[in-house]
Amino acid sequence: MQREDSASQPGEMTSWDINDIKLPQDVQQADWFQEWPDSYVKHIYSSEDKNAQRHHSSWAMRNTNNHNSRILKKSCLGVVVCGNDCSTWDGRKIYLRPAICDKARQKQQRKCCPNCNGPLRLLSCRGHGGYPVTNFWRHEGQFIFFQSKGAHDHPRPETKLEAEARRSIQKAQTAFASSSAGLKRIHKIEPLTGAVQEPLPPLLPQPDTDILPADLGGHLRCHLF
């Protein structure tokens, strides 16, 4: 089966809506998968397309409730940015991928920017009439139909692979910092332990009557003997 961009497909191939009772099945050319679908677009993917099977998107999307069990509905979460609007050494901005879980996303915003340690904040998606951009997926026969409603009004977040790589680097840096701090403590302790070579003097000197003053010597002897 040939594939090409849906923009070149005949009109009847793009006039459908995801909620139609019947969707086109006489599709001659399936679309290439789109990683960053934006605006009000429609695509018809082959049912053998692995990315389409996984309902993949590089936008941060989460499943939302839908009255039609045959249609999967996903809404955009936006992007997490640095509150200081900082840039990395090569001029890139910080556009983190929002966590899918609500609690994890709230916890994420209490963390510091990985670049400047400034505050993080969430830019919510409002590109669909003030609501998040919504993606719809529907499996029908040999095809997977995709429809996006709304245009993203925020920067693209890092991809899942980029987010995983960043977290791996941060974990490695944290582990290295911890091990370095432990070695520094050991080096500080070693000179101290090695310097204690001679026995410590007694805390209380033994009384010696030969060096006591004459007026005290006799007094102590009376009490000692």
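**Salt bridges, charges and loops in a predicted model**

R62, D102 and R105 are linked in a network of salt bridges. A salt bridge here is a side-chain nitrogen of Lys or Arg within 4 Å of a carboxyl oxygen of Asp or Glu. The structure is a predicted model, in which local features need pLDDT of at least 70 and side-chain atom pairs count only at pLDDT 80 or more, while totals for chains, interfaces and linings use all residues. Residues are numbered from 1 along each chain as its sequence is written, and side-chain values use heavy atoms, with hydrogens and water left out.

Side chains of opposite charge can pair when their charged atoms come close. The structure holds 6 salt bridges. One of them joins the side chains of D102 and R62, at 2.7 Å from N to O. This pair links distant parts of the chain, since D102 is in helix α2 and R62 in strand β4, 40 residues apart. Helices (H or I, at least four residues) and strands (E, at least two) are DSSP runs, numbered from the N terminus. D102 is partly exposed, with a relative accessible area of 38%, and R62 also counts as partly exposed, at 28%. For these classes, buried means under 20% relative accessible area, exposed means over 50%, and partly exposed lies in between (1.4 Å probe, protein chains only).

The side chains of R70 and E140 meet in another salt bridge, at 2.3 Å from N to O. Here too the pair links distant parts of the chain: R70 is in the loop between β4 and β5 (72-76), E140 is in strand β9 (residues 134-140), and 70 residues separate them. R70 counts as partly exposed at 48% relative accessibility, whereas E140 counts as buried at 16%. A further salt bridge joins the side chains of R92 and D90, at 3.0 Å from N to O. D90 has a relative accessibility of 37% and counts as partly exposed.

Other charged residues form a surface group. K107, R110, K111, R167 and K171 gather in a patch of positive charge on the surface. Such patches are made of residues with over 30% relative accessible area and no salt bridge, with like charges joined within 9 Å and nonpolar side chains (Val, Leu, Ile, Met, Phe, Trp, Tyr) within 5 Å. One member, R167, lies in helix α3 (residues 160-195). R167 is partly exposed, with a relative accessible area of 41%.

The cysteines come next. How many disulfides does the structure hold? There are 0 disulfides, a disulfide being a pair of cysteine sulfur atoms within 2.5 Å. For C76, the closest cysteine sulfur is in C125, at 3.9 Å, so the two are too far apart for a bond. C76 counts as buried at 4% relative accessibility, while C101 is partly exposed, with a relative accessible area of 45%.

Two loop residues have a backbone feature to note. Most residues other than glycine have a negative phi. H55, however, has a positive phi, near 55 degrees. H55 lies in the loop between α1 (50-53) and β4 (61-64). H55 is buried, with a relative accessible area of 18%. N117 also has a positive phi, near 65 degrees. N117 is found in the loop between α2 (102-109) and β8 (120-123). With a relative accessible area of 60%, N117 is exposed.

Key:
Areas by Shrake-Rupley, 256 points an atom, 1.4 Å probe, with all protein chains shown as cover. Lys, Arg positive; Asp, Glu negative; His and termini not counted. Charge placed at Lys NZ, Arg CZ, Asp CG, Glu CD.
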